[in-house]
Amino acid sequence: MAEAVILLAVTKIGVALGHEAMSQASSQFSNFITQLTELQGSMNRIRRELRLIHEYLCRMDIRNSNNQTYEIWVEEVRIFVHGIEDIVDEYLHLVGQKHDTGWSTYLKKGFKRPNVFFSLNRLASLVKESEVNLVHLFQAKDRWVSVVATGYMSDSSYIVEQSKYLANTSRSLDEEDLVGVDENKEKLEQWLAGDELERSVIVLHGMGGVGKTTLAANVYRKVKENFDCYSWVSISQTYSREDVLMNLIKELFSDKGSVPSNIETMDISSLEETLENFLEQRKYLILMDDVWTPEAFLDLSGVFIRNLKGSRVVITTREGNVSRLASQRYVLTLKPLSKDGSWELFCKMAFHRDTNYECPMELTEFAHELVSKCKGIPLAIVSIGRLLFIRDKTKEELKRIHDQLDWELINNPSLEHVRNILYLSYIYLPTYLKSCFLYCSLFPKYYLLKRKKLIRLWVAEGFIMRRGESTMEEVAEGYLQELVHRNLLQINERNSSGRIKSFRMHDFVRDLAVDLCHRECFGVVYEEDKYTESLDESDARRLVIHKLKKDIYQSVSGVHRLRSIIALDIGIPSSTLLPLVVEKSRYMSVLELSGLPIEKVPDAIGDLFNLRYLGLRGSKVKLLPKSIEKLSNLLTLDLSGSYVKELPRGIGKLKKLRQIFSDKPSDRFRRDFQCGTGVRIPKGLENLTNLQTLLSLEAQDESFRQLGELRQLRSLEIWNVKGTYCGCVCASLAEMQYLSYLHVNASDNNEVLQLNGVPPNLKRLSLIGRLAEGMLEESPLFQTAGQNLYSLSISWSQMTEDPLPLFSPLRNLTDLMLTRVYNGKQLIFLAGWFPELKNLRLRDLPNLEVLEVKKGAMLKLEILTLVNLESMVEVPPGIEFLAHVKYLSFREITNEFLTLLRQCPRTQGMQWRHTLRRH
């Protein structure tokens, strides 16, 4: 993992040696050009060496994971690189270079302080000393560190051998030991035995240890004799194409004749030709186990002849993008076992056949808890079961295994194959994903990670590198999807448009990552009564506080080394935490203190020149100090739910700001007209040209005139809008080509909103207030321009005409919420309307008597919520046509309507919920 730290430092040095930084430094330090040249030369030499070390470490593999001398040397490299990172940050702060990579600060008018030149000399000395230390590191490695050879071919063959060993372990289960796979087993057998003559590609997909190889092996043994020839070949991410071809030939030819005598001297073209000729007239079965990339199959697919003989190629993979290789959706995605299946498999592994695999009654409680920790992963269940099989079957021993399971997973040789299967997933990660993966493990077990917040943290930490024209947030979302596709993160929920909303780490994957975090000094977790390592004993740069009751001074030392602090326990004594950080942590880049009852932000916050993320969500802060304007590297300012009503005048100097969260919701369900407020930005809004999120802005004449300069905005909420502002708002919105979310709240329910001009890429729209007559008919948003819109919320418009015909052209709408939108008595959803709609909420329509759904309307609806429709006299006709509804809720209904619901034949067989109206 040191390679990720090195990559971060190399990127920072690259910024420091960029043209603009060097030009600025040369002009400011013209009288000290010799020292400056020497400093820059030393930094450049260090950068070159670090790039070579990075490539060297990337070539190292699992063979050196237990080489203590090597690991000590890598630790010293990491400590050295952290020191370089500190020096470069000091240099960039001194030079004040303007650059949009996030590493440096903006141009300052200063440099007149008396200690500036002294600081330059000090930094030059530190860099020179570091260069000498780097030479010593290389000399120490040559003298003491003996590593396994790392040539490409030896790397490849070693990893292949490891993969084969792990595959053989997974293939060792007999058919009678398979549990919970009957449906998948039957389906796979049917696909292999099907009448289709075209060569088919079948993919078994799932996370490491879920049983892909075990299932494939058992079916392979059963059906292989139905084919003219067959072969099982193990692939790895560093496979050798030549080796795979030779192995295929050896195995296929061994049953049908002698293996060609000259196979060892054949080049790749000859190997391919030999294999093609052999397979051309035969019905063959090829099983490619543990495929990591589509290219691994595509490189070999040419030899798998399409000979119309009913041949099959089966692929097992933990990578989502490999599953797309399957023919005609021949994909089996293996899921963890059910609770009952997990228990059955555990008992088969842990207890003797002569006891009928039954768990003794006195062990049942701890055994169930032990199995639940495995989260349905067969490999883990089998391994833990076998571990118990050789131990004493006593309550005390089972409790010991349960309490020490995390330790056993990392240290017990009996569980090494579990570690290796999970570790291979990590070791194959590209360098840019390793930090992102480990970062997720710093949060507690079962913690639900939110996509948007995690992406902001990754960007602030410096994990995200620019890619072409994409924003760093877009690149980060790609990183997240890669980790999901590699089955290292598990999706918990998607939003209505299909994007990941929340996710978590599997327990065993997290246990591995926590161990790596500890060994690599990546981050430290503090949890009361469980904390074992002080920051003084670690070079870790990140601290996540899960639980803390004592004063921070008494509990956490070594704060000066930290770059990030995330506090998850809102009960932390907060009076000293922020002052301690401001005083001791000069290089702090992420400060996430949301939920803490902080009342005052110290003036010295401005001294944290490296700060990129400041989270004070839900705090009691009323004012930000003027010194906040000195945080020129700040990317995210989160004040949501705080008491701040106005940002300081110097906020416009923070030109790197990408997100401002300052909304103060008073009604999270947004049923009240005044359901929240924003903040006032008195001056400088037009300077925040990198801003992507502004939630929320309190309307003012001056701020509206400046709003159009924020052309990078993706999300915008505006509160307290008067009708006279609408022309200015529309003119500003026309400049925002990237805007995807817009919320506009009128100043009161008598103000009329006239918003005809809308950005073309708008995806989510929320309007609260009366709408000008004809606005919806005239707006291009509700015509052809609205095809990007998937979420629409209209409130308090109180129309007299049925609004549904106006919304019906929005064919891609997935989420529709109407609150006090209509004063009429009838709403009818016609056939063909809202074909993609999944979530419909109708609230507070006091005059609505009839709600009808015609057959063919809202064919994909999953959630229907009806709230306070007090005049409705019957259960909605046509509700029985909504075949896909999973959640049906009638809220604030009368007892009379409840009786209608219970007696109505249209709701028979439907699961519905209700709440009664309070009188």
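In the protein chain, 64% of the contacts with a separation of 6 or more are between residues 24 or more positions apart, a contact being heavy atoms within 4.5 Å. The model is predicted: local features need pLDDT of at least 70, side-chain atom pairs count only at pLDDT 80 or more, and totals for chains, interfaces and linings use all residues. Residues are numbered from 1 along each chain as its sequence is written, and side-chain values use heavy atoms, with hydrogens and water left out.

**Exercise 1. State how many helices and strands the protein chain has, and what percentage of its residues count as buried.**

Solution. Begin with secondary structure: the protein chain has 28 helices and 31 strands. Helices (H or I, at least four residues) and strands (E, at least two) are DSSP runs, numbered from the N terminus. Next, turn to accessibility: 57% of the 919 residues count as buried. Buried means under 20% relative accessible area, exposed over 50%, and partly exposed in between, with a 1.4 Å probe and protein chains only.

**Exercise 2. Identify the residues with the most contacts inside the largest nonpolar core.**

Solution. A nonpolar core is a set of buried Ala, Val, Leu, Ile, Met, Phe, Trp, Tyr and Cys residues joined through side-chain atoms within 4.5 Å. The largest such core has 137 residues, and Met288, Phe304, Phe346 and Trp458 have the most contacts inside it. Apart from it lies another core, of 124 residues, which includes Val524, Ile651, Phe807 and Leu837. As a detail of the neighbourhood of Trp458, residues up to four places away in sequence are not counted; its contacts then include Cys436, Tyr439, Phe463 and Leu483.

**Exercise 3. Determine how many aromatic pairs the whole structure holds, and classify the pair Phe297 and Phe304.**

Solution. Rings of Phe, Tyr and Trp (its six-membered ring) pair if their centres lie within 6.5 Å; planes under 30 degrees apart count as stacked, over 60 as edge-to-face and the rest as tilted. With this criterion, a search of the whole structure finds 21 aromatic pairs. The ring centres of Phe297 and Phe304 are 6.3 Å apart and their planes stand at 35 degrees, so this pair is tilted. Phe297 is buried at 5% relative accessible area, and Phe304 is buried at 2%. Phe890 and Phe897 also form a tilted pair, with 6.0 Å centre to centre and 50 degrees between the planes; both residues are buried. Finally, ring pairs link Tyr439, Phe443, Tyr447, Phe463 and Phe522 into a cluster.

**Exercise 4. Which ring does the charged end of Arg467 sit over?**

Solution. The criterion is that NZ of Lys or CZ of Arg is within 6 Å of the ring centre and within 35 degrees of the ring normal. The charged end of Arg467 sits over the ring of Tyr432, 4.9 Å from its centre. A further case is Lys393, which lies over the face of Phe389 at 5.5 Å from the ring centre.

**Exercise 5. Give the strand order of the open sheet of 3 strands and name its edge strands.**

Solution. Two strands pair if DSSP finds at least two bridges between them. The order is 6-8-7, with antiparallel pairing. Strand 6 (449-450) and strand 7 (490-494) are the edge strands, each pairing on one side only. Strand 6 is joined to strand 8 (residues 500-504) by 2 bridges, and Leu449 has Phe503 as its bridge partner in strand 8.

**Exercise 6. Describe the backbone geometry at Ser696, Asp290 and Phe834.**

Solution. The background is that most residues other than glycine have a negative phi, and most peptide bonds are trans. The peptide bond from Leu695 to Ser696 is cis, with omega near 10 degrees, and Ser696 lies in strand 18 (residues 693-698). Asp290, not a glycine, has a positive phi of about 65 degrees. Asp290 occupies the loop between strand 3 (284-289) and helix 11 (294-298) and is buried at 13% relative accessible area. For Phe834, phi is positive, near 50 degrees. Phe834 belongs to the loop between strand 26 (826-829) and strand 27 (839-843), and is buried at 0%.

**Exercise 7. Is Ser146 buried or exposed?**

Solution. Ser146 is found in the loop between helix 5 (116-144) and helix 6 (152-170). Its relative accessibility is 58%, so Ser146 counts as exposed. Ser146 and Asn67 are 79 residues apart in sequence and 8.5 Å apart in space, C-alpha to C-alpha.
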